[in-house]
Amino acid sequence: EDQVTQSPEALRLQEGESSSLNCSYTVSGLRGLFWYRQDPGKGPEFLFTLYSAGEEKEKERLKATLTKKESFLHITAPKPEDSATYLCAVQAGGSNYKLTFGKGTLLTVNP
Amino acid sequence: GAGVSQSPSNKVTEKGKDVELRCDPISGHTALYWYRQSLGQGLEFLIYFQGNSAPDKSGLPSDRFSAERTGGSVSTLTIQRTQQEDSAVYLCANPGANVLTFGAGSRLTVL
């Protein structure tokens, strides 16, 4: 059974204080690992897809990395508008978009 | 439409009543997914449509849950005889360009 565990459950940062969110996974043949951002009352918003160990992707203050067992979402010099829940999901080989999601990390960035 | 549209955005119902949740997908997208997000839980896959057919219904939690899709477009998720444990946000999504795009969801509260 595919599993995704995200840590920490919640993270409070001061503006400008860099940190990382963790996503540990087990999956039968990883086809893709996804990061989403979710604001209160809204649906998840796509951030990144990673396909193979060693891959990295960046967007503004966010950088996602992937190993064979986990992914990290690094947040550099965060701003209050980065406050959201960050979700990680895995797609197994041959499973189309039947993704397995973690429970998310609630990030709060204080000014 | 340009995005995935869901209605109602909020629904409060009494235990034992039936509810219908609607999804208007991105125009022209043949695949459609329903997920459920319960408090404190990760998103859970419910059902997948390809056109009007549902090749994977494995995530539907009980026979009180059903879904249909007509004309390869609008989909309706029906929950019969609602229970309190059905309270959750129900999300619809379309895959495209290797990304699953979600609607804002329908929040169901069963009293």
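1. A polar contact is a pair of N or O atoms within 3.5 Å; within protein, one must be able to donate a hydrogen and the other to accept it, and residues adjacent in sequence count only if both atoms are side-chain atoms. Between chain B and chain A there are eight residue pairs in polar contact, both residues at pLDDT 80 or more.

2. A word on the basis: this is a predicted model, where local features need pLDDT of at least 70, side-chain atom pairs count only at pLDDT 80 or more, and totals for chains, interfaces and linings use all residues. Residues are numbered from 1 along each chain as its sequence is written, chains are lettered from A in the order in which they are written, and side-chain values use heavy atoms, leaving out hydrogens and water.

3. Now to the interface: 19 residues of chain B are in contact (heavy atoms within 4.5 Å) with 18 residues of chain A. One salt bridge is counted between the two chains. A:Lys98 forms a salt bridge with B:Asp56, with the closest N and O atoms 3.3 Å apart; the term asks for a side-chain nitrogen of Lys or Arg within 4 Å of a carboxyl oxygen of Asp or Glu.

4. You will also find two disulfides (cysteine sulfur atoms within 2.5 Å) over all chains. One joins A:Cys23 to A:Cys88, S to S 1.9 Å.

5. In chain B, a disulfide joins B:Cys23 to B:Cys92, S to S 1.9 Å. The torsion about this S-S bond is about -65°, so the disulfide is left-handed.
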